[in-house]
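Dear colleague,

Please find the structure below, with the sequence beside it.

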Amino acid sequence: MTRAPPSTVMAMGAATSPSKMLSPTQRASTAAASASTSRESLRLLRAPRGRRQRPRGLALSPAPARRPFVFSPRAVSDSKSSQTCLDPDASTSVLGIILGGGAGTRLYPLTKKRAKPAVPLGANYRLIDIPVSNCLNSNISKIYVLTQFNSASLNRHLSRAYGSNIGGYKNEGFVEVLAAQQSPDNPNWFQGTADAVRQYLWLFEEHNVMEYLILAGDHLYRMDYEKFIQAHRETDADITVAALPMDEERATAFGLMKIDEEGRIVEFAEKPKGEQLKAMMVDTTILGLDDVRAKEMPYIASMGIYVISKHVMLQLLRDQFPGANDFGSEVIPGATSTGMRVQAYLYDGYWEDIGTIEAFYNANLGITKKPIPDFSFYDRSAPIYTQPRHLPPSKVLDADVTDSVIGEGCVIKNCKIHHSVVGLRSCISEGAIIEDTLLMGADYYETEADKKLLAEKGGIPIGIGKNSHIRRAIIDKNARIGDNVKIINVDNVQEAARETDGYFIKSGIVTVIKDALLPSGTVI
């Protein structure tokens, strides 16, 4: 019995990738031709985008029959189909390792009761859905998620979303959680990204794969990892680092890399400034940017995403750097200094590190941007998966809703919502005004009997009360906001920790804590 793929929030038919329509004979012949022209491939990889030529002497396989063109709304996009032809296939030769991250102190209080990758995102999703979906869309179906802090909700989400329907009998796909644990060999918790992988190296080593794909669980982006892996193989690299082009203004906040004329990384600098920053300028046309973009973006920053060959990973973590805790600051620069081939792979698209409250807030509201959002969940050929909740459609009664995204199962009554993201199961009462706000919604519904009992005791139901006004805020799940509450930061406070009162203010953004209760008439 064939199992259905993980649920997508919108029922969209994912387009079949042309590379997956090739017959085994065609795939083999294409792979052989690719191997025989590896030097030519390297030249093409460095050629500016848009001016690449067909490799000399490469016999093209017959193109598969094209599907009829179907017009679709502009809001629905289709990422370009992958033209990769990995041999062996990524599903059998690559192991995905997603790092759950640390305690997430900069995202507090959103991480008070959950791990950073479990933080809700874009009304219906969680952050962990992004790297897992990128893996599944890139034909990588063997995935481990390493966790350490507050991992109960993350474990529950992963088991419900991906627990029983990844791959199939032949593919043996899985998404498994590996928690930090003590052992006779190591009595410590995870000390960093490299240490986390090292502690489970005995398990990863058992998999008969060629490469390990190291990912972060708190980034927002859409990426075809098959192209990333193909570049790693074609350049015969030991390690390939995903690189983001940067202008001078943003570059000072990132770890920068310097490359030679073949795209090989020769130097690293952590958040350089002044003359040290200027020394890290590179010719980004080497990695595929056109001349105009290369002048605007003369720096490349590490995204914290790596493809590492299996034997290289074992050698680095066990033999060469047995005490190193971090990939970005210790292992990768160390590998470069010992003469290993460490390549840069350019990713020129939207990418956001959800590390702070401000970055998280901006990334969520960025999906409401028009005409084209910063990040689109409406890509039919590379959908974002999440757990199937089987919620009813949202009900909007006499409400004025503009430039907003509404999640599943909401009940919105005679209120005004502008430039906001409304999470699943949100209940918003009459007369409320919601502006520039992220509502995360609720984990469950309260019945009418529950609400009646609460009212008799003077309690407040989950949701936003009547005539309340909320502006530039994040309301975490299951919050109970009473009637006539104003969360508008009247004094323009930038930083405040009022945990006993149920909220924090960071970068001027009011964050109401999960399960908090704000009595009627409260003014923030």
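In this predicted model, phenylalanine 375 has a relative accessibility of 4%, which is under the 20% cut-off, so this residue counts as buried. Its ring pairs with that of tyrosine 350, and because the centres are 6.4 Å apart and the planes stand at 50°, the pair is described as tilted. Tyrosine 350, by contrast, counts as partly exposed, since its relative accessibility is 23%.

The structure holds 13 aromatic pairs. One of them brings together phenylalanine 254 and tryptophan 351, whose ring centres lie 6.1 Å apart with planes at 55°, so this pair is tilted. Here 97 residues separate the partners, with phenylalanine 254 in the loop between helix H9 (248–251) and strand S9 (255–259), and tryptophan 351 in strand S13 (residues 351–353). Phenylalanine 254 is buried at 17% relative accessibility, and tryptophan 351 is buried at 6%.

As for the nonpolar cores, the largest has 69 residues, and Phe360 is among those that touch the most other members, as are Val132 and Ile474. Leaving aside neighbours within four places in sequence, phenylalanine 360 is in contact with residues including Leu107, Val119, Leu438 and Ile474. A second, separate core has 48 residues, among them Leu146 and Ala335.

With best wishes

Key: Residues are numbered from 1 along each chain as its sequence is written. This is a predicted model: local features need pLDDT of at least 70, side-chain atom pairs count only at pLDDT 80 or more; totals for chains, interfaces and linings use all residues. Side-chain values use heavy atoms; hydrogens and water are left out. A nonpolar core is a set of buried Ala, Val, Leu, Ile, Met, Phe, Trp, Tyr and Cys residues joined through side-chain atoms within 4.5 Å. Buried means under 20% relative accessible area, exposed over 50%, partly exposed in between (1.4 Å probe, protein chains only). Contact means heavy atoms within 4.5 Å. Rings of Phe, Tyr and Trp (its six-membered ring) pair if their centres lie within 6.5 Å; planes under 30 degrees apart count as stacked, over 60 as edge-to-face and the rest as tilted. Helices (H or I, at least four residues) and strands (E, at least two) are DSSP runs, numbered from the N terminus.
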